[in-house]
Amino acid sequence: MKKAIIIVTIFIIIFGIFVCTNTVCAAEQAIDEETESRLVEIKENAANSLEDYQEKYGSDIYGTVAYILNIIRIYSIPFCFLGIAIGAIHKYVVGVRKLDTLEKGLGLIVTFVTLLIICQILPLAFAVFVKFGRG
């Protein structure tokens with residue numbers, strides 16, 4: 001009796017795996033088509049944004065540099081906060097037992113705060129330079 005219950009359970013599990021797999025494949029195909037259209041839309045928006053920067057700065061080179069600096073400004077925030085968090089973990093959690101890790105954590109915190117400040121101020125400095133520096 002126990003063998004029969006085990007065999008029936010195994011068949012139900014195998015049948016369930018096949019049904020779920022087919023459902024997942026159908027859902028993935030629908031998501032792939034939707035994702036592809038959204039990726040094309042995002043690419044067009046990014047290209048339009050680059051063109052907007054080039055029109056605003058009046059030059060292809062200045063517009064491209066401003067666009068790249070803006071992307072760096074946006075993506076540096078989570079990257080630097082992650083680095084600061086890792087540095088804080090090294091300093092306050094692991095550094096309690098190991099003094100070399102304490103110094104490493106402080107170094108990471110200082111490095112990522114400096115990097116964050118530079119990445120946030122650089123686009124502003126570029127805009128001021130282009131606006132007032134080239135006449």
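This briefing walks through the fold, the aromatic residues, the cysteines and a few contacts of the chain above.

The model is predicted, so local features are described where pLDDT is at least 70, side-chain atom pairs count only at pLDDT 80 or more, and totals for chains, interfaces and linings use all residues. Residues are numbered from 1 along each chain as its sequence is written, and side-chain values use heavy atoms, with hydrogens and water left out.

**Overall fold**

- The chain has three helices and zero strands, where helices (H or I, at least four residues) and strands (E, at least two) are DSSP runs numbered from the N terminus.
- Read from the N terminus, the order of elements is α-α-α.
- Of the 135 residues in the chain, 17% are buried; buried means under 20% relative accessible area, exposed means over 50%, and partly exposed lies in between (1.4 Å probe, protein chains only).
- The chain exposes about 10700 Å², and carbon and sulfur atoms supply 70% of that area. Accessible areas come from the Shrake-Rupley method with a 1.4 Å probe, and for residues only the protein chains shown count as cover.
- Among contacts with a separation of 6 or more, 49% are between residues 24 or more positions apart; a contact means heavy atoms within 4.5 Å.

**Aromatic residues**

- There are five aromatic pairs. Here, rings of Phe, Tyr and Trp (its six-membered ring) pair if their centres lie within 6.5 Å, with planes under 30 degrees apart counted as stacked, over 60 as edge-to-face and the rest as tilted.
- One of these pairs is Tyr53 with Tyr57: the ring centres are 6.5 Å apart and the planes meet at 15°, so the pair is stacked.
- Both tyrosines sit in helix 1 (residues 2-57), four residues apart, which is about one turn of the helix.
- Tyr53 is buried because its relative accessibility is 18%, and Tyr57 is buried too, at 12%.
- Tyr53 and Tyr57 belong to one aromatic cluster with Tyr62, Tyr67 and Phe126.

**Cysteines**

- You will find zero disulfides here, a disulfide being a pair of cysteine sulfur atoms within 2.5 Å.
- For Cys80, the closest cysteine sulfur is that of Cys119, and at 5.6 Å it is too far for a bond.
- Cys80 is buried, with 0% relative accessibility, and Cys119 is buried as well, with a relative accessible area of 13%.

- Gln120 lies in helix 3 (residues 99-133) and is partly exposed, with a relative accessible area of 27%.
- Leaving aside residues up to four places away in sequence, Gln120 touches Arg73, Ser76 and Ile77.
- The C-alpha atoms of Gln120 and Ser76 are 8.1 Å apart, although the two residues are 44 residues apart in sequence.
- Val65 belongs to helix 2 and is partly exposed, with a relative accessible area of 32%.
- Val65 and Pro123 are 58 residues apart along the chain, and their C-alpha atoms are separated by 9.1 Å.

- Ile89, Tyr92, Val93 and Val94 make a nonpolar surface patch of about 400 Å².
- Ile89 is placed in helix 2 (residues 60-94) and counts as partly exposed because its relative accessibility is 47%.
- Patches are made of residues with over 30% relative accessible area and no salt bridge; like charges are joined within 9 Å, and nonpolar side chains (Val, Leu, Ile, Met, Phe, Trp, Tyr) within 5 Å. A salt bridge is a side-chain nitrogen of Lys or Arg within 4 Å of a carboxyl oxygen of Asp or Glu.
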